[in-house]
Amino acid sequence: MVVNDVNKSDITSEIKDTYCKKYHIRTMMDSPIRIEGELKGVLCYEQRNNTREWTTDEQNFAIAVNQVVALAIETHERRITQIKLEKALQEKELLYAEMHHRIKNNLSTLISLLRIQDRQTNNALVHEVLNDCQQRIFSMVKLHEQLYKTGDYRHVDLSRYVYDILAEYRSTNISSG
């Protein structure tokens, strides 16, 4: 908006007697600051005491300044968003680590409870069922461990998974045999 004489313009009628008179403003050029089509602010250029006509170069300069200001605001807003996203990612990673720890502990507790129950029975069938349950839970522990270590929750390296289970099986049989 360009007003060459605030006293003769209908646009400035509401502010003419208060703002303009108080600060001796005679001409104004208001240039909007827009980001993605949304009005974020207005830069006001004002001439005190005398009237004047704003040249095309001055109007283009105001537009250029506004574009720089809009870019600075946008950059600042993006940086704030980036910081928030980084913080959210850190919180997510912390929660994943805590979840992994709890799952691993819970599964280990289940195996321990089954082992205690296994030691208390003389029934071969019950012993076989409890041992089978322990092995299944142990397989789940190894799978969960691999998913957590790789960070890929969509794919499983089957050869690594089988290798880990066999290695644990061998070490368990060697130490108990």
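Isoleucine 111 is in contact (heavy atoms within 4.5 Å) with Gln134, Ile137, Phe138 and Val141, leaving aside its neighbours within four places in sequence. The structure is a predicted model, in which local features need pLDDT of at least 70, side-chain atom pairs count only at pLDDT 80 or more, and totals for chains, interfaces and linings use all residues. Residues are numbered from 1 along each chain as its sequence is written, and side-chain values use heavy atoms, with hydrogens and water left out.

Ile111 also belongs to the largest nonpolar core, whose seven residues are Leu107, Ile111, Leu114, Leu130, Ile137, Phe138 and Val141. Such a core is a set of buried Ala, Val, Leu, Ile, Met, Phe, Trp, Tyr and Cys residues joined through side-chain atoms within 4.5 Å; buried means under 20% relative accessible area, exposed over 50%, and partly exposed in between, with a 1.4 Å probe and protein chains only. At least two residues of this core come from each of α2 (56-119) and α3 (124-150), and α3 gives the most, with four residues. Helices are DSSP runs of H or I with at least four residues, numbered from the N terminus. A second, separate core has five residues, including Val3, Val6, Cys20 and Ile25.

The structure holds one aromatic pair. Tyrosine 19 and tyrosine 23 form this tilted pair, at 5.3 Å centre to centre and 55 degrees between the planes. Rings of Phe, Tyr and Trp (its six-membered ring) pair if their centres lie within 6.5 Å; planes under 30 degrees apart count as stacked, over 60 as edge-to-face and the rest as tilted. Tyrosine 19 is partly exposed because its relative accessible area is 32%, and tyrosine 23 is partly exposed at 40%.
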